[in-house]
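Thanks for making time this morning. I would like to walk you through one model, going from the terms to the interfaces and then to a few individual residues.

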Amino acid sequence: MKRALVGLTVLATALVLGLVLAPRGDAAEKGPIRIGLLTSKTGVLAIHGTHQMAAVEAFKDKYGTTVAGRKVEFYPEDDQSKVPLGVTKVRKLITGDKVHIVMGGLFASTGYAIAPLGDQYQTPIFVWSCPDDLSQRKRYKFVVKYFSCSQPQHAMAHWLRKNKPQVKKVIIFGPDYAFGYESSGGFQKVFEDMGGQVVQKIYAPINTVDYGPYIGQFRKDAEGMFVTLAGPQALRFPKQYQQAGLRDKYVLVGNGTNTDEFALAAQGEDVLGWITAHIYGGAAYPSQDNQEFVRNFKKHLGNKDPGYYAEGYYGALVLIYKAIEAIKGDVENKAKFMEALGRTKVTEGMPGGPKVSDGYGNLNTNVYIRDVRKEASGKLYHHVLHVYENVSQFWSYRPEEFLKQAVYDKDFPPCKFCK
Amino acid sequence: MAVIFARRVLCLFRGTAMNYWLTQLFNGFSYGALIFLLAMGLSLIFGVMQVINVTHGTYFLVGTYIGLSILTWTGNFYLAILGGGLVIALVGIFIERFFLRRLRGNDLGQVLITFGFVLLLQDAILLIWGPDPKLMGEPKSISFTAHIGSFTFPSYRLFVIVVAAAVAAGLWLFENKTKFGSAVRAAVDDVEMASGMGVNVPLVFTVVFGLGSFLAGLGGVLSGPWLGLQYGLDLEILPYAFVVVIVGGMGSLKGAILASLLVGLVDNFGKGFFPDLAYFTLFLPMAVILAVRPQGLFGRTL
Amino acid sequence: MIFELLRGRGRVAVAVAALVFFAVYPWFASRFMITVLVQCLIMAILAMSLDLMVGYTGMASLGHAAYFGSGAYAAAIVSVTYKASFPEALAVGLIVAVAVTAVFALVALRATGVYFLMITFALAMLIWGLAYRWNSMTGGENGIAGVQRPSFIAGTTTFYYFVLAIAAAVFVFFGVLVRSSFGRTLVGIRESESRMRTLGYNVWLHKYIVFLISGLFSGLAGVLWVFYDSLVAPPLVDLSTSFDALLMVSVGGGGTLVGAVLGAVIVKMLENLVNLVTDRWLTVVALVYITVVLLAPQGIIGLLRDLMARREMNRAALEVAGRANASAGKEGSK
């Protein structure tokens, strides 16, 4: 009893002291440049956090921790795979650690949730994930982002129409939140503009355990499927899809997250031949920049391959360094820093190829159409079938026209052909 | 709502309707079978010991990981199923013996401490197996897609149904044909009375907790080739088990079987008809039962 | 020394010191630490309303995320989707929280003890299911972002004082409530329901009213949380929120309002600060759960009270012994 009391009193005292003494954050004006990193080290997305932290190490190997003559400090924060906690953590990074920029946010929803904080605190936020509207209709002065969820999927639809014209009727299946709606919407828009038909749209919660009920609903008269899988879905769905005997029933295309390297080894043969579109060509893509990144990355994560979750984190940091160089390290001038972030252009050193700001807070990027193949050793890898270069988030539409339509959502574009 | 529902039902009856119903029935059945393995232990533990064991879903998941490790070492899937169950049984017995027993009569303390163990075991998974998702292969002999006419179904799900049925039969024999089983049943009805009748209550508690944990671990390993191994699965699947326990009645074998099948089917058809209310269709029957029959379909009166 | 703080004048001194501490806190704390304390204060309101049920009336609810969450969601929905003002959002949040409580309490009050725990837990899952899947209303997985504070409490510091004032008012209100005859009846119910029933009290009605009050103030905490955090999403209403609230009550000590506040501050601090130190924060939080339950089931305040009581007993024993000795001595000298 007495020991417990002493323990608890010590605990309470420590916490009260912590209240008073903890992060005052009154760093000197011209101290190091502080970069806040938001990721998920625990919770359902923990695997991505692990990959992203290894990507940060790989980045440090190549680019060091000094830029424009100033030291750089990284402040990683774990949002435990929860959107609200992400907001709390960004607030903590900005007001507590006094970071000059925050980068990260795994869910598209997290992107939407943290973006307003950039303007509220007049601090740049580099949204690593892909919420479309942050660079379209809901732009914030202090927010840039890496790509739009629909961006690679416009290209996917184009590729499918061009290369497999026999696939005319397609079922859309995706996770039931912004990432799923926007990826699927982008696909549907271009696919239907090119004469295809989306005949069914099904969205499942991200933490669905048993996919049987959804798989059982797939229309038999379709020839193809456009699938988006997020987080844990990438593991459960392929297995259950294969077990339901649908492997050869539909031509399956989809989002690059379906077969991202983080899951590829575990997915095994169930995803062999799956075609996906993404802003990253995969760990096996033979460009020199990519192979150097892959080598560095593997050193920090037990010889595992990086996927887009790692590449995106790495690439975003390269862009941030570039912007800091452009303003000669004057990150205290937030408006100037922000402007530089909105005009970056990097052609070298990026594992995913060149990135050019589009003036809307998004980047034009390569889109890779890949399929999954097997090496002689049995290891699975992405083989790149085609590269669309310098793809805009507006695809080939005129931005003004594109922005007149609503943001891709659960019911937009409407499902004209779902009888 | 009713119109949408009617239209959906009509759609389903047209075209490949028969196939659809068969497939979904089978899916619902098999998922219910898996949920049964998880929920039965939870129900027994609650029925006998009056402990709301929130750790149960985490036992299930840790069981899967242990099963995977055993499978990697030995290459024997059936050994993995047994081993995963046994290790989790030991973990459960340990927690019961050294923690929960000291808190008897403190309902709140017991439930809080089981949540503490959820967090502790989750961190252990991160530490030992890492956050990478993993997949478990099933033996070739039970891995094929069976066709009966135009109706196709994955044989692995059939295997799960068979195991669950065997477990249910075993439990029924245990409860009805063995002396110890009737002691357990007596404890479900009334612990004090059972104790008065000379039942060794601490032993019953340990056995029940071990048995419940064993079932969770076993179900976990069985879920490996179906659901995959994914950090966080424990709290995703736990609500299903709780619904079963509440609907079926705490501690009742019959209730757990029926409620599991009900939950599997409602989950399946709910997702088909009202995709937007997927969880609501699951929780609503539960709420209704709570309101009209708080002890569940087959529970003893409160 | 520490024991004197729990008695009479000592208690007033502690209260004054705490108030002064909270009042001057923003002058020397960073903006981040102010927001952390805002979290603590909002959670203190939730913990106090839960304590009213758990600690004072003996009804352990494992589903307070539901009432907290329905207030939060209702306020966010009307404020973002229907552009309602702050007072309107507050009113709707409170009404919805009370309405949900009124229905759930009817169901839950049919059970007691561990069944009550189970039923409140199950009912809370219902709210979580709605938050998670009723996309058109709740935004589903995305949640609802973009709740804005009105200009008079927009700043970090002004909002802090706003929440502090409300938390203090709730503290005083609950303090009066538990000392009233109504409050004493509640404690009577906790000790023995059947006795109170024989004495002619309507036990069910008392419990129902306490449940409503508790739901109302949990809803208030939820509304404040939305305006603090600017968004709601399903994790806010999942089972960990219910558990956290119970942990706060248990850490501080059930049946004492100060304990609930202390518990809220400690738990929220831990959540915010532990992972600055270690990646194994899950284990740390887990160990807090386990140690509190095993070693200090009556919480910090309870421990202090026990020790104080024991000390007083010792002192009394010593005095008795001393007197006895003295008289024995006198006798001896005779």
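When I say contact, I mean heavy atoms within 4.5 Å. What you see is a predicted model, in which local features need pLDDT of at least 70 and side-chain atom pairs count only at pLDDT 80 or more, while totals for chains, interfaces and linings use all residues. Residues are numbered from 1 along each chain as its sequence is written, chains are lettered from A and ligands numbered from 1 in the order in which they are written, and side-chain values use heavy atoms, with hydrogens and water left out.

Let me begin with the interfaces. By buried area I mean the accessible area (1.4 Å probe) that two parts lose on being put together, summed over both. Between chain B and chain C about 4000 Å² is buried, and 82% of that lies on carbon and sulfur atoms; the contact involves 46 residues of chain B and 40 residues of chain C. On the chain B side, B:Leu112, B:Phe115 and B:Asp123 supply 15% of the area buried against chain C, more than any other three residues. Turning to chain A and chain B, the buried area is about 3000 Å², with carbon and sulfur atoms giving 56%, and here 34 residues of chain A touch 36 residues of chain B. In chain A, the residues that lose the most area to chain B are A:Val209, A:Asp210 and A:Gln243, together 21% of what that side buries.

Two packed helices are described by the angle between their axes and the distance between the axes. Helices here are DSSP runs (H or I, at least four residues), as are strands (E, at least two), numbered from the N terminus; the axes are lines fitted to C-alpha atoms, for helices over the stretch in contact, with angles running from 0 to 180 degrees between N-to-C directions.

How do helix 5 of chain B and helix 13 of chain C lie to each other, roughly parallel or roughly antiparallel? The axes of helix 5 (residues 107-128) of chain B and helix 13 (residues 281-295) of chain C come within 8 Å and cross at roughly 155°. The two helices are therefore roughly antiparallel, on a scale where angles under 35 degrees count as roughly parallel, over 145 as roughly antiparallel, 65 to 115 as roughly perpendicular and the rest as oblique. Among the residues that make this contact are B:Gly109, B:Leu112, B:Phe115 and B:Asp123 from chain B, and C:Tyr289 and C:Val293 from chain C.

By comparison, helix 10 (residues 233-248) of chain B and helix 5 (residues 113-133) of chain C pack at about 130°, with their axes 11 Å apart, and these two are therefore oblique to each other. The contact is made by B:Pro239, B:Phe242, B:Val243, B:Val245 and B:Ile246 on one helix, and by C:Met118, C:Phe121, C:Ala122 and C:Met125 on the other.

Now to single residues, where buried means under 20% relative accessible area, exposed over 50%, and partly exposed in between (1.4 Å probe, protein chains only). B:Gly109, in helix 5 of chain B, is buried at 5% relative accessibility, and beyond its neighbours within four places in sequence it contacts B:Leu103 and C:Val293.

A:Arg91, in helix 3 (residues 83-96) of chain A, is buried at 4% relative accessibility.

A:Met53 lies in helix 2 (residues 46-63) of chain A and, at 18% relative accessibility, counts as buried. Outside the four places on either side in sequence, A:Met53 contacts A:Leu37, A:Thr39, A:Lys41, A:Pro76 and A:Tyr313.

I will finish with the backbone of chain A. A cis peptide bond, with omega about -5°, joins A:Phe412 and A:Pro413, and A:Pro413 sits in the segment after helix 13 (399-404) of chain A. A:Gln80 has a positive phi of about 55° although it is not a glycine, and is buried at 14% relative accessibility. A:Gln122 also has a positive phi, near 55°, but this residue is partly exposed, with a relative accessible area of 42%.
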